[in-house]
Amino acid sequence: MDTTGCSHHLSYADWSLSETQFDPNQLHSRETVFTIGNGYLGTRGSFEEGYPHALPATFIRGVYDEVPIVYTELANCPDWLSFTITADGERFRLDRGEILSYERQLDLHWGILNRRVRWRSPNGKTLDLDFQRFASLADEHVLGIRCQLTPVDCDSLIEIQASINGYPENQGFDHWEWLDQGKTDRGIWLQVHTRTSRIELGMASGMTVSGAEALLQVTSVPGYPTLTTTFLAAVEKTVTLEKVVTVFTSREVEAPVQAAQVKLAQLPAYSVLLTAHEQAWDEIWQKSDVVVEGDTKAQLAIRYNLFQLLISASRHDKRVSIPAKTLSGFGYRGHIFWDTEIFILPFFTFTQPEIARNLLTYRCHTLNGARRKAAFYGYKGAMFAWESADTGDEVTPRWALPNQPYGEEVRIWCRDREIHISSDIAYAVWYYWQATGDDEWMRDCGAEIILDTAIFWMSRVEWNTQQERYEIREVIGADEYHEQVNNNALTNRMVQWHLEKAIYVFDWLSNRFADRAAELKQKLHLTSERCRRCQDIVTNLWIPYDPTTRLIEQFEGFFNLEDINLDDYEPRTRSMQALLSIDGANKRQVLKQPDVLMLLYLMRGVGEFPYSQEVLLKNWGYYAPRTDITYGSSLGPAIHSILASDLGASAEAYERFMQAALVDLEDVRGNAADGIHGASAGGVWQAVVLGFGGIHLAGDEPVANPHLPSGWMRLHFKLHWHGKWHEFDLRPIS
Ligand code: BGC
């Protein structure tokens, strides 16, 4: 296998990521990096045997529960990993004794996490331990752990406790109430429910031992059912323990604990489960893989990011979406942002369209929450939440609380003002429809999303009588360093585009599906007066664009703010907002992330004005140097990479791409511990396929205009377009 690159004690091969040394300072970030999952749940890479201050977590899609200040969060679910090993009275843990050798390896092709440790106990006995775990992609309610244990220097009396830990915490908060637990012929089970949302969860577990004479016993501490076994392990003889776990919640079945028990009773051997799981991964990669030759680090990093997206996307549930930190960490509490529609969705739309449809259908199911939000703010139609969870109601916290006694609370305005999300969702709906031609979904779900959010905009825009134009005031654009601006170009142009498409979609619906059009006309009050006004707004909504300079002003007055040269602040390790304060950044021409450039990127995707090479060049020249690309938002680098590719700035395109691709692997921003940066992962796919691959739509088909980074000998991927696969096998021009 081609193995190159070694940094941060990580080594990269085409399909596998290996950590060659355990560093306790990276405990939490590596728990994130080694997350596994199957779209139903995600489990952080915490050690089976535990570690002081570890943050183990398993998040199951849609299992939200109430919590103070941030309203609702994904509840950390009972821990299925728990597996303690005691050898001759000494408990195995990496903070004790001595680690003689260590390797943790994530196999992306087969979705398996392995760990091999040679450990010397404090009393000097040596053990080889080989762990393997997977969350089955073939049957998402099934999980497996295998532990192979070999005494190295003498026989050893081993005790194993394989448990379900019913006391998981969300950073000090316990969401679960114990209901019951017990044992069956095959093992143990636990029944719990969340405190407020009353979601019931049933988990069951069994274990087999081979290679030693061992009897299993059940011990029953409340909330902690455990399978215990004691055996004599002979020197240099390997004993294999296989723990299987089944899990259901009341979101999928009426009686989760019975479902978990029945499934456990029917499970075939561990090896059979593993083979089915591997086959499922193989099928996924046949559609979604991206092959790079000539750059192993980039190859691994791309597959790693795609793997993390694939394990957080639901194949079977249309009422959930992908949280900003996927199902891998406590950051953003499992809330869902524009990250999903704008950054993550294209990967699914083009390689796994049925998953893209599920993700968008979540927005259809949460329309009523968006309607409640619009009504609360005094508007009509549907206004999507900046942060959304299970119901679609706004869950962005109002305040960020200080963590020092005399610190100030900070008001978070995104819930009130970062409203471009409604058009971002409409954009994703349109994009999905264009790529798939899925008219039925458009009829049943997409049209209602586009139309009811258009109605919101029609009540949100204001007519400026002096200037005789429509305006949108008091918003936050993508660049959150400016918290209260008028006529943000990104927002205004997206709204104009959105309303134009709303008119188109309603006409299309009326022609193709007259009954559905009539139903929506009545439900959403789509009067002819409303349609006329919609057209009037499209014509007269102001976009701050100067055709002579070809510069788009980020918002009204941006060019009058104090200018800034970011080089003057180097070297630095903090964001410009942290350096200048919230107020200081607000008053200067410094951006947290692309805003005008984001707009140009989005308009490029659908082939719309003002995207043109010349406009891009001018605005890139203005905004890229003023963007806090390294310490601002993690959403920025991938977008900059694509635009740099478009402009032929190949070295910059590659640098930004790697910044995005390694954000979690090498903890580029120092916050990987909070969870995977999902938007950046989606951006990585876009940077490779749309940036380096240069995919554009021509004659209604995707065509490539590649700009491969130097050293890349091949870039291969597939795109699904209107029911047909298009294969791209790109090589450098020699
Ligand atoms: C970014 C937003 C993003 C959010 C969640 C913020 O820091 O500015 O654009 O949606 O993080 O990733």
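## Helix packing and ligand site

Helix α18 meets helix α19 through Ala653, Tyr654, Phe657, Ala660 and Ala661, which touch Ser680, Val684, Ala687, Val688 and Phe692 of α19. Contact here means heavy atoms within 4.5 Å. By class, the residues of this contact are nine nonpolar, one polar and no charged. Nonpolar covers Ala, Val, Leu, Ile, Met, Phe, Trp, Tyr, Cys and Pro; charged covers Asp, Glu, Lys and Arg; the others, Gly among them, count as polar.

This is a predicted model, in which local features need pLDDT of at least 70 and side-chain atom pairs count only at pLDDT 80 or more, while totals for chains, interfaces and linings use all residues. Residues are numbered from 1 along each chain as its sequence is written, and side-chain values use heavy atoms, with hydrogens and water left out.

Helices (H or I, at least four residues) and strands (E, at least two) are DSSP runs, numbered from the N terminus. Axes are lines fitted to C-alpha atoms, for helices over the stretch in contact, and angles run from 0 to 180 degrees between N-to-C directions. The table gives the geometry of the helix pairs.

| Helix pair | Angle | Axis distance |
|---|---|---|
| α4 (residues 296-310) and α19 (residues 678-692) | about 130° | 9 Å |
| α18 (residues 650-661) and α19 | roughly 150° | within 9 Å |
| α17 (residues 636-646) and α18 | about 160° | 8 Å |

Angles under 35 degrees count as roughly parallel, over 145 as roughly antiparallel, 65 to 115 as roughly perpendicular and the rest as oblique. The pair α18 and α19 is therefore roughly antiparallel. Helices α4 and α19 are therefore oblique.

Now the handedness. A crossing is left-handed if the near helix is turned anticlockwise from the far one by less than a right angle, and right-handed if clockwise. Helix α18 crosses α19 in a left-handed way. The crossing of α4 and α19 is left-handed. On the α4 side, Ile302, Asn305, Leu306 and Leu309 make the contact, and on the α19 side Gly678, Ala681, Gly682, Val684, Trp685 and Val688 do. That contact has seven nonpolar, three polar and no charged residues.

The crossing of α17 and α18 is left-handed. From α17 come Pro637, Ala638, His640, Ser641, Ala644 and Ser645; from α18 come Glu652, Ala653, Arg656, Phe657, Gln659 and Ala660. By class, this contact has six nonpolar, four polar and two charged residues.

Next, the ligand. Which residues are around the ligand? They are Tyr332, Phe337, Trp338, Asp339, Trp386, Glu480, Lys592, Gln593, Ser633 and Leu635. To count, a residue needs a heavy atom within 4 Å of the molecule. Glu480 has a polar side-chain atom 2.7 Å from an oxygen atom of the ligand. For Gln593, a polar side-chain atom also lies 2.7 Å from a ligand oxygen atom. An N or O atom in the side chain of Tyr332 is 3.0 Å from an oxygen atom of the ligand.

Finally, the backbone. Most residues other than glycine have a negative phi, and most peptide bonds are trans. Glu570 and Pro571 are joined by a cis peptide bond, with omega about -5°. Pro571 sits in the loop between β27 (551-552) and α14 (576-586). Asp88 has a positive phi, near 45°. The loop between β8 (83-87) and β9 (90-91) holds Asp88.

Terms used. A polar contact is a pair of N or O atoms within 3.5 Å; within protein, one must be able to donate a hydrogen and the other to accept it, and residues adjacent in sequence count only if both atoms are side-chain atoms.
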